[in-house]
Amino acid sequence: MMTVREIECTAAMNHVSSRFLPYSWDLNPYRGCSHGCRYCFALYSHRYMGDGGDDFYSDLYVKTNIAERLERELSRRSWTGELVNIGGVTDSYQPAEADYKLMPDILRLMIKHRNPCIISTKSDLILRDFDLIAQLSEVAAVNIAATITCADERVRERLEPGGVPSARRFEVLRAFSDTRACTGVHLMPVIPFLTDSRANLSAILAGARDAKADYLLPGLLNLRGKTRDVFWDFLRHNFPQCEAPLRRLMDDRQAKKAYRAALFRWLRAEAARTGVSLDHISPLRRRLTAEEQLTLF
């Protein structure tokens, strides 16, 4: 059962620093996520809440004043219109958004201030705000990304029980390809021995091509902190045949390095063959102004 707590945030946007990310600011209307993805890197984040809500999947925090805070932050003289990632820690279009409707006000502020942003989701609820996102794409750079890891729904339903079917996510990207927004498939994570079959990866590449996605961004499974225990428990109970070989791979640095090199070599070749770009920066860069491009990396 989902427990919902309404809270007020002191800041709408959080500064992040990483040479691997094309943005420096992150905005999350929610803490916690009912999509229940068993590989979610953000499970650690609930330890900062401090009020007993320690289950990332069922203890949801709603930042009811986030639009008010965002208005103040975007209106500051010091704000230079930098690229903002919306939903980097939790999905902004998870089921609770259907009731709380925080995203429309956030999008209206982005339109008002002509601020570029990235929105990542595993939900088709984003289509509710299609007109607002299309409007934003006319005045600022917008990147709409769908995380898609499985073409096999039998696997996907257990791995990402709260997300919509992968086919529906491709439909979302196809819809936004008719706007000025940049669209992409986030093939993250690729899970060795579970989602790394050539058949699965080829199906996702084909889906990206058919959805007219501007790019596909792959990433390999990376287990840290609380996520490690949650994922191994999930694998043990759902796909026990994968546990032993995956543990051996993850514990062997050289083997993991060789696996990653072979995987990405194949992906590059297959992407080139099917006409899918693996360049996730250029499509967005083309939509940013010269001043905004200076904020990338």
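Trainee: Against which helices do the buried residues of α9 pack?

Mentor: Buried means under 20% relative accessible area, exposed means over 50%, and partly exposed lies in between (1.4 Å probe, protein chains only), while contact means heavy atoms within 4.5 Å. In α9, the buried residues are C242, E243, P245, L246, L249 and M250, and the buried residues of α9 pack against α8 (225-238) and α10 (253-274). Keep in mind that this is a predicted model, in which local features need pLDDT of at least 70 and side-chain atom pairs count only at pLDDT 80 or more, whereas totals for chains, interfaces and linings use all residues. Residues are numbered from 1 along each chain as its sequence is written, and side-chain values use heavy atoms, with hydrogens and water left out.

Trainee: What should the twelve residues of helix α9 span?

Mentor: Helices (H or I, at least four residues) and strands (E, at least two) are DSSP runs numbered from the N terminus, and the expected span of a helix is 1.5 Å times one less than its number of residues. Helix α9 covers residues 240-251, so its twelve residues should span 16 Å, and this agrees with the 17 Å between its end C-alpha atoms.

Trainee: At what angle do α9 and α10 pack?

Mentor: Axes are lines fitted to C-alpha atoms, for helices over the stretch in contact, and angles run from 0 to 180 degrees between N-to-C directions. Angles under 35 degrees count as roughly parallel, over 145 as roughly antiparallel, 65 to 115 as roughly perpendicular, and the rest as oblique. Here the axes of α9 and α10 are 5 Å apart, and the packing angle is about 100°, which makes α9 roughly perpendicular to α10. On the α9 side the contact is made by L249, M250 and D251, and on the α10 side by R253, A255, K256 and Y259. To sort such residues, Ala, Val, Leu, Ile, Met, Phe, Trp, Tyr, Cys and Pro count as nonpolar, Asp, Glu, Lys and Arg as charged, and the others, Gly among them, as polar. By class, then, the contact of α9 with α10 has four nonpolar, no polar and three charged residues.

Trainee: At roughly what angle do the axes of helix α1 and helix α3 cross?

Mentor: The axes of helix α1 (residues 66-75) and helix α3 (residues 103-112) cross at roughly 15° and come within 9 Å, and the two helices are therefore roughly parallel to each other. A crossing is left-handed if the near helix is turned anticlockwise from the far one by less than a right angle, and right-handed if clockwise; that of α1 and α3 is right-handed. I66, A67, L70, E71 and L74 of α1 meet D105, I106, L109, M110 and K112 of α3 in this contact, which by class has seven nonpolar, no polar and three charged residues.

Trainee: Is the crossing of α3 and α4 left-handed or right-handed?

Mentor: The axes of α3 and helix α4 (residues 130-139) come within 9 Å and cross at roughly 20°, and this crossing is left-handed. The contact involves P104, L107, R108, M110 and I111 of α3, together with L132, I133, Q135, L136 and V139 of α4. Among the buried residues of α4 are L132, I133 and L136, and the buried residues of α4 pack against α3, β7, β8 (142-147) and α6 (166-176).

Trainee: Is S92 buried or exposed?

Mentor: S92 lies in the loop between β6 (84-86) and α2 (97-100), and with a relative accessible area of 1% S92 is buried. Leaving aside neighbours within four places in sequence, S92 is in contact with P29, Y30, I86, G87, E97 and M103. N65, in the loop between β5 (59-63) and α1, is likewise buried, at 6%.

Trainee: Which value of phi does R114 have?

Mentor: Most residues other than glycine have a negative phi, and most peptide bonds are trans. R114, although not a glycine, has a positive phi of about 50°; R114 is placed in the loop between α3 and β7 (117-121) and is exposed, with a relative accessible area of 51%. K212, in the loop between α7 (198-210) and β10 (215-220), also has a positive phi, near 60°.

Trainee: Is the peptide bond from M188 to P189 cis or trans?

Mentor: The bond from M188 to P189 is cis, with omega near -5°, and P189 is found in strand β9 (residues 182-190).
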